[in-house]
Amino acid sequence: MCCDLKRRFLLLYATQKGQAKAIAEEIWQQAGAHGLEADMHCMSEMDKYNLETEKDPVVIVISTTGTGDPPDTARKFVKKIQDTTLPPDHFTHLQYGLLGLGDSEYTFFCNGGKTVDRRLQELGAQHFYDTGLADDCVGLELVVDPWIDGLWLALKEAFLLQKEKEGMSSDVDAVSSSLSAAPHVVHELNLSSEVQNLKLEDGGVRNSDVLTQKLVDINLVASAGDTEPSLVHSVPPVSQSALNIPALPPEYIEVQFQDTHGENPHLSSLILEGTTFEVPVTKAVQLTSEDAIKTALLLELDIADTVFDYQPGDAFCVICPNNVNEVEELLQILGLSEKGEHFVCVKVKQGTKKKGATHPQHIPERSTLKFILTWCLELRAIPKKAFLRALVECTSDAGEKRRLQELCSRQGASDYTRFIRESNVCLLDLLHAFPSCKPSLNLLIEHLPKLQARSYSVSSSNLYQPGKLSFVFNIVEFPACPTRAVSRKGVCTGWLAELVAPLLHPNKNTLDTKGGNPSTEKISIFARPNNTFHLPADPSVPFMMVGPGTGISPFIGFLQHRQKLREERTDWEFGETWLFFGCRHQHRDYLFKQLKCFLENGTLTHLKVCFSRDSSTAEVTPPKYVQDAIRLYAKEVARVLLKERGYFYVCG
């Protein structure tokens, strides 16, 4: 099809961690093969598109963050379309298709996409293609891949309809023929993340996406007695199939090594979300016993010398590094051990074919290689299929190359889910499993996402403890398994635990050189306030709190705050308070036994605690889980919520 006949559609994405952007880029890339031009923009770039005057079809890819919020890059857009003064026919000219990304483990599944979808409908916009809702819990690709496949025929019909409306039918045949190679998939799919609901008719595949490979005698094809697949090993039918693999993502980053002179940027320069504060850790307490299944720590930070402010119920973020041993291991595998302290200059590659290629915001223009691997890239990220596809080109062994192709292919989707996603495999695991794979540094910068700061609930009250901020966390453990040779701790929780070890065990040769107190470590934090998870503005309103395990953390701040208010405001009326807490064992992980103090001084009206793993000799079996306790007090719950219009908080 001639370039001047290429039909345009607007492609918008709103992403929090890069998933939606990667999917939008895949759509943009495939569009060219279908004779179409995708005009792609981040939803936040509102100066580059205008839905009020948009005549072409619009495709939207949007993720969900927090507890059901649109991603940060969609906030302005959502605020604009939620303007209550907009008339119901505001978008009657608009035709769109929307792909929402979410995780069904959260209550408000795909709510970012649903919010935009619902509001566009209310303002008169029409679907030209059914909405797809992809679930990260089972694998986004289960919905994303067929949704993209069906998109091209849906666009074809939208363009034909548009031509008829415009009275320009002369080149309808040209448009039709340009799209005739598209897969014959009915576009009115009721896409759901449940696999059994996906009914696709694959009437042919695009030649550019098919890998036909003669099956030579390679070590990854199952022998007669070996019928179980693994990360490095495939079995029929996958091992004997022609494969549909993604197109090779174009390289767009160029890395130049320089000398070892200079200074790395300050950590605050990596954070765009707000002001960062470097604060000392003044206290660390292990809340669980040594024989508890999980280890929970409480850390106290000194914020007295900062302007950092918070309310009980707020969260904040900790800027954390990757594990130092993993960074060293990666440098060794890449053959760059001697270059760790060298400064590198990162630029966009001249002449790259990547649409809208820009310098990644999370990568400094000049810093040491070790700084980038330690503070900028999420080394533990689960590799996306596009990354696996790029790694194929860096792999010399034929068998390893074939297996990586399988894992990123349509035919190997279940293997990808089982051995990559569900096994929490990261780049290091892959490089150990496929030793002939030697990726370049620029490939890592292109495909590894930004190292995210980790978010924690505040577990204190500034009114109760001025100048202090406490928080509680479990040390996350990833045990060794067939796809992971060594056990690992969580990126942030493992680092924090190591950092505060001198405070937890001051007698284990951790005293400073003067023989005094352990040296004070500092961490960098920034605020992540919320507008909903706060105490009722009216203190007379009753409220109920449900906090199993470390979910109790924000409620300690609630109760501290309420206790201080009761002491200072003796003339105020205070509503009743309920707390439902649960853990495994009373003597191992009952995190805050001082809850009884809140009960005794009247701050807490009702405390209901249950222990799921403790045996009981009582005639009436006590409640095992918090939901059992809530059910036991159903009448009181109904009274507080329905008759007294109380608040109900859940954290877990």
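User: Hi! How many nonpolar, polar and charged residues are in the lining of the second largest pocket?

Analyst: Hello! This is a predicted model, and in it the lining of that pocket has seven nonpolar, nine polar and five charged residues.

User: Thanks. Which residues lie nearest the centre of the second largest pocket?

Analyst: Those are P548, G549, G582, C583 and R584, out of 21 residues that line the pocket. The space in the second largest pocket comes to about 420 Å³.

User: Where does the second largest pocket lie relative to the domains?

Analyst: Domain 2 (253-447) and domain 3 (543-650) both contribute residues to its lining, so the pocket lies between them. Among the elements that each supply at least two lining residues are β21 (577-583) and α17 (626-632).

User: Now cavities. How many of 30 Å³ or more are there?

Analyst: The count is two. The largest cavity holds about 90 Å³ of space.

User: And what lines the largest cavity?

Analyst: Its lining is made of L270, I271, I319, C320, H362, W375, C376, K450, L451, Q452 and A453. Sorted by class, that gives eight nonpolar, two polar and one charged residues.

User: Changing topic: how many aromatic pairs are in the whole structure?

Analyst: A search finds 22 of them. One of these is F555 with Y649, an edge-to-face pair with 6.5 Å centre to centre and 65° between the planes.

User: Which parts does the pair of F555 and Y649 tie together?

Analyst: F555 lies in helix α15 (residues 553-568) and Y649 in strand β23 (residues 647-650), so the pair ties together parts that are 94 residues apart in sequence.

User: Are F555 and Y649 buried or exposed?

Analyst: F555 is buried, and Y649 is buried too. Both also belong to a cluster linked by ring pairs, together with F533, F543, F558 and Y647.

User: What about lysines, which ones lie over the face of a ring?

Analyst: K339 lies over the face of F257, at 5.1 Å from the ring centre. Another case is K385, which lies over the face of Y416 at 5.3 Å from the ring centre.

User: Last one, A154. Where is A154 found?

Analyst: You'll find A154 in helix α4 (residues 141-166).

User: Why does A154 count as buried?

Analyst: Its relative accessibility is 1%, and buried means under 20%, so A154 counts as buried.

User: And how far apart are the C-alpha atoms of A154 and Y129?

Analyst: They are separated by 5.9 Å, with the two residues 25 apart along the chain.

Technical notes
Residues are numbered from 1 along each chain as its sequence is written. This is a predicted model: local features need pLDDT of at least 70, side-chain atom pairs count only at pLDDT 80 or more; totals for chains, interfaces and linings use all residues. Side-chain values use heavy atoms; hydrogens and water are left out. Rings of Phe, Tyr and Trp (its six-membered ring) pair if their centres lie within 6.5 Å; planes under 30 degrees apart count as stacked, over 60 as edge-to-face and the rest as tilted. Helices (H or I, at least four residues) and strands (E, at least two) are DSSP runs, numbered from the N terminus. Buried means under 20% relative accessible area, exposed over 50%, partly exposed in between (1.4 Å probe, protein chains only). A charge sits over a ring if NZ of Lys or CZ of Arg is within 6 Å of the ring centre and within 35 degrees of the ring normal. On a 1 Å grid over the protein atoms alone, a cavity is a set of points where a 1.4 Å probe fits but cannot get out, and a pocket is an open set with protein on both sides within 12 Å along at least five of seven lines; lining residues have an atom within 4 Å of a point. Grid points are joined across faces, edges and corners, and a volume is the space filled by probe spheres set on the points. Ala, Val, Leu, Ile, Met, Phe, Trp, Tyr, Cys and Pro count as nonpolar, Asp, Glu, Lys and Arg as charged, and the others, Gly among them, as polar. Domain bounds come from an automatic or database domain assignment.
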